[in-house]
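Subject: Structure handover

Hello,

Here is the structure we talked about handing over. Please look through it first, then read the notes below it.

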Amino acid sequence: MHFTLAQATVDSGIPSRMVIDDVNIELIAAGQPAPVHALSTGERTVADRLGKGARIEFLRGRAAQNTALAALCLDTDTSLVRMPHRSHSLTHAGDIAVSAYTSAERVLGIGVDFEPDAKVSADRARFFLTQRELETWPDVLQPHHAPDLLRLWTVKEALYKATADNDALTVRDFTVNEPWAWSGIATLGSRPDVALRYVTTVARGGYLTVAAVLAPQMAAAAA
Ligand SMILES: CC(C)(COP(=O)(O)OP(=O)(O)OC[C@H]1O[C@@H](n2cnc3c(N)ncnc32)[C@H](O)[C@@H]1OP(=O)(O)O)[C@@H](O)C(=O)NCCC(=O)NCCS
C-alpha cells in the first residue's frame, strides 16, 4: 500500500456509504493529490505526460482509487487496473476525486458519477434520454426540471461505468424505468439480462449517483 486511508479522505460533503438493495457501497473522497514519491512506475509514466491541471486531477484520482484498492485488499498499483472494474469505480469533480467500492460478491459491476454544479440543457438531454424515458416523463425537458436533467446525467454515467464491456455503448443505451425516482432499476437495451440498479443523493449542491450490476439471483430477490 502506498499511503493510508486517512491521508486520502477529506471532509468533503460526500457520504461515506450508499446502499443499493442492501448492498453497502463505500465511498472515498480524496482532496489531496497522491504524493509523487508514492506512485508506481506505471503511474509515474502517465503523470509525467500530463500538464499541471490534468496532473493534479490524475494524482487526486490515484489517491481515491489507491485507497479503494487497499480496502479491497487488491494490488494498489492503479496503472494495472482496467475500467470498468467489478468492484470499484472513480469520478473526478471540481477539487475532489471520489471512488466507490464494494466487496459484495453479488455485485458484478459498480459505477459512480458526481456532478457538483454542471448545467444540462434540454438539447443535451435529448442526446442521453431514451424515447421511452421521454414518453414516461413528458415534461422532463421543461425548464423547471433542469436539476432533474443533471441528476439523470449522473445516473446514466454511473450506469455506463458499472457495465462490463462498455466500449461500444453510450449512455443512451440505458433506460431508467422511473426517471423521476432517486433510486431504482435501469435496463440496457442490447442486454436485457443485465440487472442494473442505482441510487442518487445530493452532495455539495450537486448530485452523486452510484450504480451496480447485480447477480441475477440477487436482482430477482430484490424485485
Ligand atoms: C468514460 C466516461 C464514463 C468518463 O466520465 P466523465 O464524467 O467524463 O469523467 P469522470 O471524472 O466522472 O470519470 C473518469 C473516470 O472514469 C473511469 N473510466 C474511464 N473509462 C471508463 C469506462 N469505459 N468504464 C468505466 N469507468 C471508466 C476512469 O477511472 C476515469 O478516471 P481516470 O481517468 O482518472 O482513471 C465518459 O467520458 C464516457 O465515455 N461516457 C459514455 C459515453 C457517452 O455516452 N458519451 C455521451 C454521449 S451523449
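In the shell around the ligand, β3 contributes the most, with four residues. This is a predicted model, in which local features need a pLDDT of at least 70 and side-chain atom pairs count only at pLDDT 80 or more, while totals for chains, interfaces and linings use all residues. Residues are numbered from 1 along each chain, as its sequence is written.

The ligand has 17 residues around it, and Gly61, Met83, Thr91, His92 and Thr170 come nearest. A residue is near a molecule or strand if its C-beta atom, placed from the backbone, lies within 6 Å of it. Two or more residues of the shell come from each of α3 (52-71), β3 (88-93), α4 (122-128) and α6 (146-162). Helices (H or I, at least four residues) and strands (E, at least two) are DSSP runs, numbered from the N terminus. Sorted by class, the shell holds eight nonpolar, six polar and three charged residues. Here Ala, Val, Leu, Ile, Met, Phe, Trp, Tyr, Cys and Pro count as nonpolar, Asp, Glu, Lys and Arg as charged, and the others, Gly among them, as polar.

Next, the sheet. Five strands form an open sheet with antiparallel pairing, in the order β5-β9-β8-β7-β6. β5 (107-115) and β6 (174-176) are at the edges with a single partner strand each, so one side of each has no neighbour in the sheet. Direction ignored, neighbouring strands of this sheet are turned by 25° against each other on average. Two strands pair if DSSP finds at least two bridges between them.

From β6 onwards, the pairs are as follows.

- β6 and β7 pair over three bridges, and a hairpin of six residues joins them. Phe174 has Leu188 in β7 as its bridge partner.
- β7 and β8 are joined by four bridges and form a hairpin with six residues between them. Ile185 is bridged to Arg197 in β8.
- β8 (residues 195-203) and β9 (residues 206-214) are joined by nine bridges. Val202 has Tyr207 in β9 as its bridge partner.

α6 lies across β5, β6, β7 (183-188), β8 and β9, and runs at about 145° to β5. Axes are lines fitted to C-alpha atoms, for helices over the stretch in contact, and angles run from 0 to 180 degrees between N-to-C directions.

Last, confidence. The protein chain averages a pLDDT (the predictor's confidence in each residue, from 0 to 100) of 92, and 92% of the residues score at least 70. In residues 4-8 the pLDDT is below 50, and this stretch has eight contacts in the model beyond near neighbours in sequence. A contact means that the C-beta atoms of two residues, placed from the backbone, lie within 7 Å.

Regards
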